[in-house]
Amino acid sequence: MIWKKLKNILHFDTADKEVYADFYNSYLQQFQKLDTKKQIHQQSFVVLDTETTGLDLVQDNILSIGAVRIINNTIDIADSLSIIVKNEQIQTQNAVAIHGLVQTELKGQSPEDALVTFFDFVGSNIIVGHHIDFDIAMLHKLSKSHGGDVLKNNVLDTSYLARRLDHASDPHSLDRKEYTLDKLCTRFNVVPKARHTADGDAYITAIIFMKLIQKLSLKGVTNIGQLLK
Amino acid sequence: MKNEIVHRVYDFLKEYPPFNLLPKEAILKISSHVVVKFLPDKTILFKIGEMPPSIFYIVNEGAIHLHQEDGQMVDHCDEGDVFGIRPLLAESPYLLTAQSSEDTILYCVRTEDFLPYLTHHPKILAFLASNFAVGAGNMFFKKSTTSKSANNNIGENVFTELFTIDTQKSPIYCHIHHTIQEAAVIMATHQIGSIVVCDEDIRPIGIVTDKDLRIKVVAGDIRKKENISLIMSAPVICVKPGLSIAELQILMIKNRINHLAVTQDGTIHGKLIGVVSEHDLVVQQADNPSILIREIRKSQSGEQLKRVRDKVERLIKKYIDQEVSIPFITQVVSSINDEIIQQAIEISESKLGKEIYKDIKYCWLALGSEGREEQLLRTDQDNALIYMQDDTIPEIKEKCIRLAKEVTAILHEVGYEYCPADMMASNPSWCQSVEEWQLTFHRWIYQPGEKEIMMCTIFFDYRPVHGDVSLANTLTNYIFTSLDKQEVFLHLLAKNALENPAPLSFFRNFIVEKNGEHKDSFDIKLRAMMPLTDAARLLTLASRNGGENNTCNRFLALADIEPQNAELYRMAADAYEILIRIRTKNGFKKGDSGRYIQPNEMDKMDRLLLRNAFQPIDELQKMIKVRFQLGGIL
């Protein structure tokens, strides 16, 4: 018995990457490869946004995650995600002197619980977000620091899709600054309410995403392969 | 934790009926289960004959068109409009096809979240009932417009509380031992399409309709000598008396039946009091203010507007018959009249070219009784137009006059006679810029002759009905400033107000017209209403209390300002209500504006009421005489 335990520790110490936390193992187990021939409206997407303590990938942390699922141009509000991640740093620093703001930071889920909920929600869906690379990087950091690893899902950036809509042959030539979430809200007639909350922004992005893929479909982008191109 | 997405949906739903009638917690709960659906342009949401899923829809953004089978559009739903409820309650297939007419976002609401509130919120029932009636009632109108105006909700929350089906008439029924033929004879005699079958104690057992006779007897093999119970449907759904239209309608839809039996205790064990058919409900619904307003907004010609205005007349008659309060009736009817004027302007602008009028700032003014919000039956037109002079627009006055000609012609078609004195916006001297109007009033106020004073009495009751209200307000302010510098004008107005003395000294008879077409009839407008309107206008102007035009409301406002005369003013307000009621009743009897009354044709009660209504006129006139020191002038 003791030997077995020791072996386990030794095993861990050799830094074998195959041993993951449960949340990530379940994620890997359910994960299915994408069918690129699928029509867009048959595919499910998870549109997400995170709020963080700042923009530094090393120092800053995720405060909250918001996400909604889109299938066939439909969002079920009951099937949406709104997680506040309990920030352990703040908790230890202010264990005694607790004021209102910290109090709220103390609420929410532990990072472990948040990861379980999030990875379960995201499944094999295509991930969509506005300037999504940063959110993905922050999520990877959180995942890795709790025994998980990277997301294997395909990812779509609404900022990029909007530029692709305007300039199909060379989207990157267009100025990113002209494609902020606020500017797309104005353009697609979405009321920018509850901005800068993760779930609020996720919802706004989802509405914009549906309008974008509708416009792209008029330009011949109808299946998943074409959309991910 | 507060979920922002749920709150976003909540913030939207709480603005629109029926959700705005629910408590916050209920809307939040509904919001948390909403499904958001994006529908690209020209996408079909559902088709005729499909069974509905257990959800209904509210348009968040964009627009949905509901079509009949032949492709004719029945309804246009845009932001905040609810549709698709009826088939859910009835659990029957969709009767219409829904298609987006632009890129559209819908919120899909689960029926199960909503149904629990139906029974507890009569206003929701009312809303739904009016909603259903709209779907069924206006199929004959081809096009719809989406003009939104401030009094969007008029009628929505008032009509059901006012109306209950009259089930007090003695019910027609047949006995269970009658033969089919005997029952059919009773139906034929009373010209009814269905009959309730009762036991010895007049308790309903079943119901037989025309259809049963057609299918089971005429086309079937049951002989007419056989017992009625062979073809009746049983049991009958029973209700207790005093339910609202909305409740009855929901019951019919839920049970998919067209008739309800009204019994004393609402069960099949109670004595039959009456029968309500879906047709009864439709007839009552057709005259519901909110539905009339929707029909007005869909009208594209004077002829269509006239059809709606004729229905308004029926509504007024019903209100009068049911002794509904006059302030309520005048408020509802003024809103409807305003809608008609607005729609007449809308139609005219479209005909002449919207782009011409896009940049012209103008305001349509209602004068006279419509200006005072007390017009019930159609009278002559009194209107005017005020516009902002703009030198960059060529021929601005001509354009306004051209518009006014169209509008007055449409109103004429609706049944408002042209004003014999040509006091209409189509007359160049009643279609003026702000500066011109100020000059006109300046002349009236500073050089007042008899004609000028009369113009003032007509014009001082103006009310903006359409367009830029600030233009009318500028004019009002100008008039008040001018009055401050010209006190003598009010004295002349006071003199004018005394021109028609109280019509009756206590024991004498009515003063009747001595000459002309209306010889021997009593002119209720000139002899009784005008003295009160004039007094109210004068005293309101003297107290510088602008913004109130309605004679009753003017008296009530004066009662607040002058507590020492409050009793008299309240009496005057009551008297005026009685006069409106009597005039309207007379109008219905004669089929005209009701102005001339035959005193000997009035029933005793009305004669007495009328006589009492004269009393405050005399007292008011005495007071005016003292206050404006008219002893010497007269």
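I began with one residue pair: Val68(A) has Ser80(A) as its bridge partner in β3(A). The model is predicted, and I kept that in mind throughout.

**Entry 1: strands of chain A**

I looked up the strands behind that pair. Strand β2(A), residues 62-71, pairs with β3(A) over 7 bridges. The two strands are antiparallel. Next I checked what packs on the sheet.

**Entry 2: across the chain boundary**

Which strand of chain B is joined to β3(A) by bridges? I found β1(B), residues 35-39, with 3 bridges to β3(A). This pair runs antiparallel. I noted one facing pair: Thr74(A) is opposite Lys37(B) of β1(B).

I then traced the whole sheet. It is open and has 9 strands. I wrote down the order as β5(A)-β4(A)-β1(A)-β2(A)-β3(A)-β1(B)-β8(B)-β3(B)-β6(B). The pairing is mixed. At the edges I found β5(A), residues 155-157, and β6(B), residues 82-83. Each of these edge strands pairs on one side only.

On the chain B part I looked for a helix. Helix α4(B), residues 111-118, lies across β3(B) at 55-61 and β8(B) at 104-110. I read its angle to β8(B) as about 60°.

**Entry 3: the contact between chains**

I took the contact count for the two chains. On chain A 21 residues are in contact, and on chain B 20 residues. Which elements of chain A give two or more residues to this side? They are β3(A), residues 74-84, and α9(A). Strand β3(A) gives the most, with 8 residues. By class I noted 9 nonpolar, 8 polar and 4 charged residues on the side of chain A.

I followed α9(A) next. This helix covers residues 198-218 of chain A, and its partner is α1(B), residues 4-13. Their axes come within 7 Å. They cross at roughly 65°. From α9(A), the contact uses Asp199(A), Gly200(A) and Tyr203(A). From α1(B), it uses Glu4(B), Ile5(B) and Arg8(B). I sorted the residues of this helix contact by class: 2 nonpolar, 1 polar and 3 charged.

**Entry 4: a second sheet**

I searched chain B for another sheet. I found an open one with 4 strands, in the order β2-β7-β4-β5. The pairing is antiparallel. The edge strands are β2(B) at 44-46 and β5(B) at 73-78, and each pairs on one side only. Neighbouring strands are turned by 25° against each other on average, direction ignored.

Strand β2(B) is joined to β7(B), residues 97-100, by 2 bridges. There, Ile44(B) has Gln99(B) as its bridge partner in β7(B).

**Entry 5: Asp534(B)**

Asp534(B) sits in helix α21(B), residues 524-542. Buried or exposed? Asp534(B) is buried, because 22 other C-beta atoms lie within 10 Å and the cut-off is 20 or more. I then asked what Asp534(B) touches beyond four places in sequence. The contacts are Thr457(B), Asn496(B) and Ala497(B).

**Entry 6: chain totals and confidence**

For chain A I counted 10 helices and 5 strands. Of its 229 residues, 32% count as buried. Among its contacts with a separation of 6 or more, 66% are between residues 24 or more positions apart.

For chain B I have 24 helices and 20 strands. Buried residues are 45% of its 634 residues. Of its contacts between residues at least 6 apart, 73% join residues at least 24 apart.

Last, I checked confidence in chain A. The average pLDDT is 85, and 83% of the residues score at least 70. Where does pLDDT stay under 50? I found this over residues 91-104 of chain A. That stretch has 5 contacts beyond four places in sequence in the model.

Methods:
Residues are numbered from 1 along each chain as its sequence is written. Chains are lettered from A and ligands numbered from 1 in the order in which they are written. This is a predicted model: local features need pLDDT of at least 70, side-chain atom pairs count only at pLDDT 80 or more; totals for chains, interfaces and linings use all residues. Axes are lines fitted to C-alpha atoms, for helices over the stretch in contact, and angles run from 0 to 180 degrees between N-to-C directions. Two residues are in contact if their C-beta atoms, placed from the backbone, lie within 7 Å. Ala, Val, Leu, Ile, Met, Phe, Trp, Tyr, Cys and Pro count as nonpolar, Asp, Glu, Lys and Arg as charged, and the others, Gly among them, as polar. Two strands pair if DSSP finds at least two bridges between them. A residue is buried if 20 or more other C-beta atoms lie within 10 Å of its own, exposed if 12 or fewer, and partly exposed in between; C-beta atoms are placed from the backbone. pLDDT is the predictor's confidence in each residue, from 0 to 100.
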